[in-house]
Structures are given as structure tokens and as C-alpha cells.
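Hello,

Here is the structure I promised to send over. Have a look, and then read on for my notes on its charged side chains.

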Amino acid sequence: YQDQAAWRQERVAVIGAGVIGLSTALLAQEADYKVAIYSDRRPLETTSAQAAANFKPHEVVYNSLAHTMVELGWDGFAKIAKDHNSSKTGVRKHTHWEASSAPKDESLAPYLAVVEDLQTHEHPNVPGGYAFGWRYNTFFIDTPVYLPWLTDKFLSQGGKLVLLKEKFQDQEQLGLLPAD
């Protein structure tokens, strides 16, 4: 689009009300899009609400794009932790351990470049009797607290959450959504 301001006034449809859907919707709002989330489940009924999470992006192909995303993610959680009470957001710093019976090659975990206070340890200074371990500070996200906070933030900024009676059955249904 040639007119960037007009483009950003367009409507965006996000499918799913879990952590990824809510986060995507908030980022689109921050970029001045009008956003609606379409989901067959409320945020606390999604898979995202079933467990807590550590900021530890270790199961991704790690390239320059992934590293940029890790840095931006870290900065985003740091801002939430700094600006808001963790009992309301579910985001807080905590000490995390990775333990192993074999030494780890630090090149296998480039995400460790963004964590704080990285330390390597050997037995007997590793929990659980393991031979080797990494200890560092990262973010812990209590998703049953985080999801309502994300939802409230999204809705308070004019977002719309549309609860569907059933899941989408095909791509044609997506094309019928009132979105650009």
C-alpha cells in the first residue's frame, strides 16, 4: 500500500485466543490496526492455560531472525515485569537450571546470550545429582494469570473477542471474516 496510514486502519483477524493469538493481536493493535480475535474457546480454555512457561526458546532453529525475536521477546517481558505487578501479569524473573549428565556445548544454546547471570556448574554443585548444569535468571510466565492480563489489555485498547460456536472447517470460512 502506498498510504501507510490508511493501511494501518484496516481490520485484522487473528485466529485463536491463546498466548500466540493474544500476543499477535496486541502487537497489531500497537501498530494501529483494528483487531478482532476469533476463537472457539475463551483464553483460559485454550491449551496455553494448561501450564506455566519459562522464557527459554530452545526448540527453535536458531538464526538471525530467531535471535532478533528472542531479544525482542526478552525486552517485552522485561518491560512487563518492570511496569506491572507480577501478581497481576503472571510475569516474573526466576532462577532456572538446566542439568545434564554430559557437558553442554554452549554453541548449542545461543538463546543464553539474552538471559541474566549465566553460570556453569559441575557436580556436586548441580541439583539432582547431575554432573553438569547451567544456572541463569530468566522469566517465568504463569499463564493462568498472564492470559487474563493479556485479554484485559487487548479489550481495553478496543479489541474485539468473537467467540465462535464451532471451529473453522476450511479456508473459505476465513475469507468470509470481516477483515482486510
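**Salt bridges in the model**

Arginine 135 is partly exposed, at a relative accessible area of 24% (buried means under 20%, exposed over 50% and partly exposed in between, with a 1.4 Å probe and protein chains only). This is a predicted model, in which local features need pLDDT of at least 70 and side-chain atom pairs count only at pLDDT 80 or more, while totals for chains, interfaces and linings use all residues. Residues are numbered from 1 along each chain as its sequence is written, and side-chain values use heavy atoms, leaving out hydrogens and water.

Which residue does arginine 135 form a salt bridge with? The partner is aspartate 117, and the closest N and O atoms are 3.9 Å apart. (A salt bridge here is a side-chain nitrogen of Lys or Arg within 4 Å of a carboxyl oxygen of Asp or Glu.) This pair links distant parts of the chain, 18 residues apart: arginine 135 lies in strand β6 (residues 132-141) and aspartate 117 in strand β5 (residues 116-122). Strands are DSSP runs of E, at least two residues, numbered from the N terminus. Aspartate 117 is partly exposed too, at 43% relative accessibility.

Salt bridges with shared partners also join Lys79, Lys82 and Asp83 into one network. Within it, lysine 82 pairs with aspartate 83 at 4.0 Å between the closest N and O atoms. Lysine 82 is exposed at 70%, whereas aspartate 83 is partly exposed at 36%.

Aspartate 40 and arginine 41 form another salt bridge, at 3.7 Å. In total, the whole structure holds 6 salt bridges.

Best wishes

Key
Helices (H or I, at least four residues) and strands (E, at least two) are DSSP runs, numbered from the N terminus.
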